[in-house]
Amino acid sequence: VQLQASGGGTVQSGGSLRLSCAASGRSFRNNAKGWFRQVPGKEREFVAAITWSGGTTYYADSVKGRFTISRDNGKNTVYLQMTSLSPEDTAVYYCAAQSGSYNSRSYLEDLYWYDFWGQGTLVTVSS
């Protein structure tokens, strides 16, 4: 099983990026997915998550209104559209998938409940 994240890069403050995370090796049609990010010296933090159906999404307060998570179960892919980026958004972004079918925020925002992780893609926002 592999999660392949892509779409990172360098963008100026106020710009936008779209991250993608394609899964292979198994279907995650019935599983929640999420995005987390990490900067050196800090813990990995929750960014956004989406339930298996795509009907419910959750966001960290720091990205609410600027980031949008979505999924295409037919393509086994989850996306993170990021707008109004600021230097504080600079980090390595990781996609993750659960093996369960949890729907509540407490499960989806906690990295402990994710079983599969992508390799990370670096997002750098310059001021």
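## A buried ring

Phenylalanine 46 is buried, with a relative accessible area of 11%. Buried means under 20% relative accessible area, exposed means over 50%, and partly exposed lies in between (1.4 Å probe, protein chains only). This is a predicted model, in which local features need pLDDT of at least 70, side-chain atom pairs count only at pLDDT 80 or more, and totals for chains, interfaces and linings use all residues. Residues are numbered from 1 along each chain as its sequence is written, and side-chain values use heavy atoms, with hydrogens and water left out.

## The aromatic cluster

Ring pairs link Phe36, Phe46, Tyr114 and Trp117 into a cluster. Rings of Phe, Tyr and Trp (its six-membered ring) pair if their centres lie within 6.5 Å; planes under 30 degrees apart count as stacked, over 60 as edge-to-face and the rest as tilted. The count of aromatic pairs comes to nine. In one of them, phenylalanine 36 and phenylalanine 46 have ring centres 5.8 Å apart and planes at 70°, so the pair is edge-to-face. Phenylalanine 36 lies in strand β4 (residues 33-38) and phenylalanine 46 in strand β5 (residues 45-50), so the pair ties together parts that are ten residues apart in sequence. Strands are DSSP runs of E, at least two residues, and helices are runs of H or I, at least four, numbered from the N terminus.

Phenylalanine 36 is buried at 1% relative accessibility. Tyrosine 114 is buried at 5%, whereas tryptophan 117 is partly exposed at 28%.

## Leucine 111

Leucine 111 sits in the loop between α1 (105-108) and β10 (116-117). Leucine 111 is partly exposed, at 35%. Beyond its neighbours within four places in sequence, leucine 111 is in contact (heavy atoms within 4.5 Å) with Phe36, Arg44 and Trp117.

## The open sheet

Four strands form an open sheet, ordered β1-β3-β8-β7, with antiparallel pairing. Two strands pair if DSSP finds at least two bridges between them. Strands β1 (2-6) and β7 (67-72) stand at the edges with a single partner each, so one side of each has no neighbour in the sheet. Strands β3 (residues 17-24) and β8 (residues 77-82) pair over six bridges. Leucine 17 has methionine 82 in β8 as its bridge partner.

## The disulfide

The count comes to one disulfide (cysteine sulfur atoms within 2.5 Å). Cysteine 21 and cysteine 95 form it, with sulfur atoms 2.0 Å apart. Cysteine 21 lies in strand β3 and cysteine 95 in strand β9 (residues 91-97), so the pair ties together parts that are 74 residues apart in sequence. Both cysteine 21 and cysteine 95 are buried.
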